[in-house]
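Grab a pencil and open the viewer. Here are a few exercises to work through with the model on screen.

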Protein chains: 2
Amino acid sequence: MTQITPVVELGRDQGRAKSGNQDDHIYAQMFSAILEQRLSPGTKLSEDVLGEIFKVSRTVIRKVLQRLAHEKVVKIFSNRGAYVSEPTPDEARDVLDARKVVEEGIIRRVVKKRSAADIRMLEGMLKEEALSIERDEHSKWVALSGDFHLALADIAGNQSLTDYLRELVSMTSLIHVQYQSKKIGNQSCSCEEHGDIIEAVRAQDEGTAVRLMMAHIEACEEELNLDGKEPISDLYKIFSDVAGS
Amino acid sequence: MTQITPVVELGRDQGRAKSGNQDDHIYAQMFSAILEQRLSPGTKLSEDVLGEIFKVSRTVIRKVLQRLAHEKVVKIFSNRGAYVSEPTPDEARDVLDARKVVEEGIIRRVVKKRSAADIRMLEGMLKEEALSIERDEHSKWVALSGDFHLALADIAGNQSLTDYLRELVSMTSLIHVQYQSKKIGNQSCSCEEHGDIIEAVRAQDEGTAVRLMMAHIEACEEELNLDGKEPISDLYKIFSDVAGS
DNA sequence: GCTTGCTGTTTTGTATACAATTGATTTAAG
DNA sequence: CTTAAATCAATTGTATACAAAACAGCAAGC
């Protein structure tokens, strides 16, 4: 209602490569804002407000929101707007279980295909992880931890699986925000677990690698408190019989 | 206090996606048109033309196209429009390989969870499949064959995996259009394979079920001719020697 | 006092207008 | 006749205007 500032200066903006359209930038901003927990689950994402913030029209914002919605980190309700996803315990369990399925396949392929360079890269990532824990940079560690799994997917070399795992890893971050419980100390051991996995990959010990990966994901699941706060949707389950009649 | 969460929506659209808006209809039309091969790979999907056909503005069409693009059955090129995907041989291999990973996980879970009713449903689907083969309704059979795998995913009960498999199955259809080779007769045996899988599921013989499912997908892959017609890039390979001299 | 129905405001859904980019045709030069 | 540049047409990207739906506040009735 205040400034209708037309950003006419778009014509002479940074000499950036025109290749990509501007929405990629906005998408990246919002995506990382959600993953880094600067936008918490349940936050309403108003089209108008976001348009103001990024100085673009709602058209562009809507496109970005739809993309985020398809990746499940945002949920769009008809005529009522977009919100940062609040995964239910059931959804959370599905995501973790899906990761077990996908990452078992990935780790098997990695064990077969890994090169010496791959191992070096993974070990480099591990060092960064350790560093971020040491410096107590929690949100950075969350990102790095996810990157480790995605790096394995890259080595496996299946683009489709990599894309899917990326979705799952994103959702895992959201889930951790909502359901992380007790022992934070435990999380640091995750770093050791990554190290053990690298070792099994290096040794091309498929059985051990798979076992470690499964245990790793299960450990991640056990850190969560998925039983307490089943959301409001329960109400609808409870009353659906009555309402349906 | 306990947030005014918009879960009311769930009551209205019965659990499934956002929906309620007219674009779902258009999406379904285009999706099935692609899968049933009425739109072949490479076809240009002009926003204007589609808008004319469905009597809506480009706004709605763009939304649908983006959704299809995210599901990989349509590919959008910046400033140049949307086209029905033409999966490359590499992409095709990735999709089939991803299916092996995902469906192994699914079949294992199905073997554990299946109820008597599940078995009956699967057998019902099998009959329909056999019928469509008998009647030589090829495109119907393709759809039913995909539905069988998706039914298994439903029984496994993991929404995330089901959604992903749905994408993979769609892509598989597109791939078959592009790369199906020789022996069409072979495909009918697929129906027997489905029957064998049901039997292993019924008997809760996990090992056999997994083995059969893997063999089934591999058989599907072998029906394809993924080596011959590497897309246009081949031309460049072919002429690069000449042009380079 | 609590619920119920109405009205006004806010926010999303869709259509349309305009700008920018692509590619195709034409035209001119070698 | 071939090649290359320049203009033109067609299509997509973005902004904005208008329509419809949802939410909130207020008033009326029980």
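Predicted model: local features only at pLDDT ≥ 70, side-chain atom pairs only at ≥ 80, totals over all residues.

Residues are numbered from 1 along each chain as its sequence is written, and chains are lettered from A and ligands numbered from 1 in the order in which they are written.

**Exercise 1.** Work out the strand order in the sheet of chain A, and which strands stand at the edges.

*Solution.* Start with the terms: strands are DSSP runs of E, at least two residues, and helices are runs of H or I, at least four residues, numbered from the N terminus. Two strands pair if DSSP finds at least two bridges between them. In chain A, 3 strands make an open antiparallel sheet in the order 1-3-2. Strand 1 (44-45) and strand 2 (74-77) of chain A each have a single partner strand, so one side of each lacks a neighbour in the sheet.

**Exercise 2.** Find how many bridges join strand 1 and strand 3 of chain A.

*Solution.* Strand 3 covers residues 81-84, and its antiparallel pairing with strand 1 of chain A runs over 2 bridges. Now look across from Lys44(A): Tyr83(A) in strand 3 of chain A sits opposite.

**Exercise 3.** Identify the helix that gives the most to the surface near DNA strand C.

*Solution.* Count a residue as near if its C-beta atom, placed from the backbone, lies within 6 Å. Around DNA strand C there are 19 residues, with Gly81(A), Val56(B), Ser57(B), Thr59(B) and Asn79(B) coming nearest. Helix 2 (47-54) of chain A and helix 4 (58-70) of chain B each supply at least two residues. Helix 4 of chain B gives the most, with 3 residues.
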